[in-house]
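Welcome! Please take a look at the sequence and the structure shown here, and then read on for a short tour.

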Amino acid sequence: MIGDFVKSGDFKGEEHVPVICAPDKVKKGEWFEVEVSVGKEIPHPNTVEHHIAWIELYAMPEGAPYILRIGRYEFSPTLEEPIVKVKIKLEKTSKLIALSYCNLHGLWEGFADVVVEE
């Protein structure tokens with residue numbers, strides 16, 4: 001199972017963990033900004049030999065039977081920092097999930113909960 005290979009940790013001590021910055025509460029159906037970055041506290045190398053290749057962002061709405069993919073964002077080593085800002089809207093309280101892929105250290109995940117108010 002792929003889940004057996006996804007790593008997690010505290011982004012303050014682990015440079016690979018994607019960090020999701022989003023409001024704690026939003027209004028139903030209104031657009032808001034989400035930022036996902038890797039290396040927020042400890043910079044991640046950005047070299048051809050060691051870099052973040054991509055970040056994916058997902059939403060898991062409360063009570064939903066499956067996860068929703070919001071987007072996939074690819075990065076060029078040495079030319080881009082692994083940071084993405086997107087505008088999204090939610091209809092239900094959701095867990096946002098970010099996956100990042102380091103070419104040397106594999107898959108990493110981070111989470112954030114967003115409460116949706118009427």
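A residue counts as buried under 20% relative accessible area, as exposed over 50%, and as partly exposed in between, with a 1.4 Å probe and protein chains only. By this scale, Tyr101 is partly exposed because its relative accessibility is 30%, and Trp54 is buried because its value is 13%. Please keep in mind that this is a predicted model, in which local features need pLDDT of at least 70 and side-chain atom pairs count only at pLDDT 80 or more, while totals for chains, interfaces and linings use all residues. Residues are numbered from 1 along each chain as its sequence is written, and side-chain values use heavy atoms, with hydrogens and water left out.

**The aromatic pair**

How many aromatic pairs does a search of the whole structure find? The search finds 1. Rings of Phe, Tyr and Trp (its six-membered ring) pair if their centres lie within 6.5 Å; planes under 30 degrees apart count as stacked, over 60 as edge-to-face and the rest as tilted. The pair here is stacked, because the ring centres of Trp54 and Tyr101 are 5.8 Å apart and their planes lie at 15°. It links distant parts of the chain, 47 residues apart:

| Residue | Relative accessibility | Strand |
|---|---|---|
| Trp54 | 13% | E4 (residues 52–61) |
| Tyr101 | 30% | E7 (residues 94–102) |

**The whole chain**

The protein chain has 8 strands and 0 helices; strands (E, at least two residues) and helices (H or I, at least four) are DSSP runs, numbered from the N terminus. The chain is as compact as a globular protein of 118 residues, because its radius of gyration is 14 Å, close to the 13 Å from the globule rule. That radius is taken over C-alpha atoms, and the rule is 2.2 Å times the number of residues to the power 0.38. The C-alpha trace spans about 45 × 30 × 25 Å along its principal axes, and buried residues make up 40% of the 118 residues.
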